[in-house]
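Please read the following briefing beside the sequence and the model.

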Amino acid sequence: MSAPSGAGPGRVLVAVYGVFALAATSRAAVQIATRFAEAPLAYALSAFAAVVYIVLTVALARGARRLAVAACLVELAGVLVIGTLSLADPAAFPHATVWSGYGSGYLFVPLVLPVVGLLWLLRGVRRS
């Protein structure tokens, strides 16, 4: 049996996702509470990203690999889709989300993080 996903070096991944969960949740809460009418789509997407980061943090910490893999895939798809749309149609995103510009506001960590997460989660998985 393999080690839990949140053990060893996986603890760093749990910590990084925990920081992103806290940051995205705080950001979305403030945006929605104070300026939701200015950019409802962007702020709703920030809240969605926060939920994804919370799910990932908990799944990694508890060793729920399938849920963590699914959440990483959702995160990666979100970063790629929202990142592309925010660059292709900036008027649709008058305010940035966590995933705008492929996470450029967060030094592209949101783009790299799901790839690292997937590599960590899928390490040692045998192919049939």
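L107 is exposed, because its relative accessible area is 73%, where exposed means over 50%, buried under 20% and partly exposed in between, with a 1.4 Å probe and protein chains only. This is a predicted model, in which local features need pLDDT of at least 70 and side-chain atom pairs count only at pLDDT 80 or more, while totals for chains, interfaces and linings use all residues. Residues are numbered from 1 along each chain as its sequence is written, and side-chain values use heavy atoms, with hydrogens and water left out.

**The loop between α3 and α4**
- L107 lies in the loop between α3 and α4, and although L107 is not a glycine, its phi is positive, at about 60°.
- F108 also lies in the loop between α3 and α4, and its phi is likewise positive, near 65°, in a residue other than glycine.
- F108 counts as partly exposed, because its relative accessibility is 40%.

- S86 is placed in helix α3, which covers residues 65–88; helices (H or I, at least four residues) and strands (E, at least two) are DSSP runs, numbered from the N terminus.
- S86 counts as buried because its relative accessibility is 9%.
- Leaving aside residues up to four places away in sequence, S86 touches F93, S100 and G101, where contact means heavy atoms within 4.5 Å.

**The packing of α1 and α4**
- Helix α1 (residues 10–35) and helix α4 (residues 109–121) pack at an angle of about 145°, and their axes are 11 Å apart; axes are lines fitted to C-alpha atoms, for helices over the stretch in contact, and angles run from 0 to 180 degrees between N-to-C directions.
- The residues that make this contact include L13, Y17 and F20 of α1 and L113, V116 and W120 of α4.
- By class, the contact of α1 with α4 has ten nonpolar, two polar and no charged residues; Ala, Val, Leu, Ile, Met, Phe, Trp, Tyr, Cys and Pro count as nonpolar, Asp, Glu, Lys and Arg as charged, and the others, Gly among them, as polar.

**The chain as a whole**
- The protein chain has four helices and zero strands, and from the N terminus on its elements run α-α-α-α.
- Along its principal axes, the C-alpha trace of the protein chain spans about 50 × 30 × 20 Å.
- Of the 128 residues of the protein chain, 38% count as buried.
- Among contacts between residues at least 6 apart in sequence, 66% join residues at least 24 apart.
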